[in-house]
Amino acid sequence: MRLGKVGQRLLAVSANIVVAFLILPILVVIPLSFTPGTVLNFPPDGLSLRWYQDFFGDERWINATWLSLRLGVAVAITSTALGLLAAIALTRYIKRGAFLVRGLLVAPLIVPPIVTAVAVFDIYVRVGLLRTFPGLVIAHTILALPFSVLLIESALRAVDFGPFEAALSLGATNRRAWRMVVLPGITPALMASAVFSFLISWDEVVLVVFIGGARSQTLPLRMFEFIETQIRPTLAAISSLIVYVIAAVLTVVYLRSRLSISSPDRT
């Protein structure tokens with residue numbers, strides 16, 4: 001019993017160290033974004049919104065951010081929809097060869113992105129999708145689809161299909177039974193799939209370099225090219241803005257989960 005307590009304490013200490021390792025860079029980047037000077041200096045000599053204004057006042061940064069947001073949302077929707085269809089097929093309809101189909105769907109997880117980028121580039125040159133927004137969506141969906149399939153399939157395998165069969169026996173169509181009975185139970189998996197797909201698309205640079213072109217410069221690619229030529233606190237301001245958005249989203253999700261847990265008590 002004593003060893004168990006020691007193990008729990010070691011686990012807690014290890015978890016705190018990992019959390020501190022992840023948070024400390026954020027605690028450095030945010031103050032740097034308010035520095036008034038042109039050099040990254042920590043702690044900053046003063047406070048200024050100069051570099052936030054530099055970001056919002058530059059059309060190239062805004063266009064790159066807008067492209068990343070549009071691309072991430074499109075990939076999240078496409079990847080989640082295709083992942084749902086593939087997961088339904090794997091759990092309900094494909095009896096033989098499911099292992100092979102699943103392996104093909106998750107293959108992009110083990111293929112290096114540079115290999116995928118070269119292959120996609122060769123195909124796009126032939127079909128005319130190079131340097132197009134639909135081409136970027138398709139390419140990013142290829143990388144995000146494995147996560148959607150694995151998440152949604154895992155959720156579907158935990159679902160009790162008894163109510164689904166009962167709905168069919170009572171006259172509901174197959175599509176209506178899926179929409180009204182099954183999908184509400186796997187909503188967390190669908191949301192997780194959309195979030196993962198968005199983040200994968202947001203963070204992807206290699207595919208954009210190969211197939212995006214000069215007019216399809218996403219925010220990560222713009223930051224990567226910017227840091228090759230100069231280092232200004234604008235990068236710290238952009239990174240801080242991303243942290244603010246993520247913190248706001250997590251706060252909303254947390255408050256919503258708290259409300260959903262406490263609502264039965266009020267009723």
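Let's start at Thr218, which sits in the loop between H10 and helix H11 (219–229). This is a predicted model, so keep that in mind as you look around. Thr218 is buried, with a relative accessible area of 2%.

**Thr218 and its surroundings**

- Setting aside neighbours within four places in sequence, Thr218 is in contact with Ala64, Leu67, Ser68, Leu71, Glu204 and Val208.
- Two of these partners, Ser68 and Leu71, turn up again on the H3 side of the contact between H3 and H9.

**The nonpolar cores**

- In soluble globular proteins, nonpolar side chains tend to be buried together.
- Here, the largest nonpolar core has 16 residues, and Tyr124, Ala139 and Ile211 have the most contacts inside it.
- Helix H3 (59–93), helix H5 (113–127), helix H6 (133–157) and helix H10 (206–211) are the elements that give two or more residues to this core.
- H6 gives the most to this core, with 5 residues.

**H6 against H9**

- Two packed helices are described by the angle between their axes and the distance between the axes.
- For H6 and helix H9 (residues 187–203), the angle is about 160° and the axes are 9 Å apart.
- H6 and H9 are roughly antiparallel to each other, because angles over 145 degrees are counted that way.
- The crossing of H6 past H9 is right-handed.
- On the H6 side, the contact is made by His140, Leu143, Ala144, Phe147, Ser148, Leu151, Ile152 and Ala155.
- On the H9 side, the contact is made by Ala189, Leu190, Ala192, Ser193, Phe196, Ser197, Ile200 and Ser201.
- The residues of this H6 and H9 contact divide into 11 nonpolar, 5 polar and no charged.

**H3 against H9**

- H9 also packs with H3: their axes come within 8 Å and cross at roughly 135°.
- H3 and H9 are therefore oblique to each other.
- The crossing of H3 and H9 is right-handed.
- H3 brings Ser68, Leu69, Leu71, Gly72, Val73, Val75, Ala76, Ser79, Thr80 and Leu84 to the contact.
- H9 brings Leu190, Ser193, Ala194, Ser197, Phe198, Ser201 and Trp202 to the contact with H3.
- The residues of the contact of H3 with H9 comprise 10 nonpolar, 7 polar and no charged.

**H7 against H8**

- Helix H7 (residues 162–169) and helix H8 (residues 174–182) pack at about 140°, and their axes are 9 Å apart.
- That angle makes H7 oblique to H8.
- H7 and H8 cross in a right-handed way.
- Pro163, Phe164, Ala167 and Leu168 of H7 meet Asn174, Ala177, Trp178, Val181 and Val182 of H8.
- The H7 and H8 contact has 8 nonpolar residues, 1 polar and no charged.

**Thr65 in H3**

- Thr65 is found in helix H3.
- Thr65 counts as buried, at 16% relative accessibility.
- Thr65 touches Phe55 and Leu219, not counting residues up to four places away in sequence.
- Thr65 and Ser154 are 89 residues apart along the chain, and their C-alpha atoms are separated by 33 Å.

**Asp122 in H5**

- Asp122 lies in helix H5.
- Asp122 counts as partly exposed, at 37% relative accessibility.
- The C-alpha atoms of Asp122 and Val195 are separated by 29 Å, and these residues lie 73 residues apart along the chain.

**Arg131 between H5 and H6**

- Arg131 belongs to the loop between H5 and H6.
- Arg131 counts as exposed, at 57% relative accessibility.
- Most residues other than glycine have a negative phi.
- Arg131 has a positive phi of about 60° although it is not a glycine.

Conventions: Residues numbered from 1 in each chain as written. Predicted model: local features only at pLDDT ≥ 70, side-chain atom pairs only at ≥ 80, totals over all residues. Heavy atoms only, no water. Core = buried A, V, L, I, M, F, W, Y, C linked by side-chain atoms within 4.5 Å. Buried < 20%, exposed > 50% of the residue type's maximum accessible area, 1.4 Å probe, protein only. Helix = DSSP H or I, 4+ residues; strand = E, 2+ residues; numbered from the N terminus. Axes fitted to C-alpha atoms, helices over the stretch in contact; angles between N-to-C directions. Parallel < 35°, antiparallel > 145°, perpendicular 65-115°, else oblique. Left-handed = near helix turned anticlockwise from the far one by under 90°. Contact = heavy atoms within 4.5 Å. Nonpolar A, V, L, I, M, F, W, Y, C, P; charged D, E, K, R; others polar.
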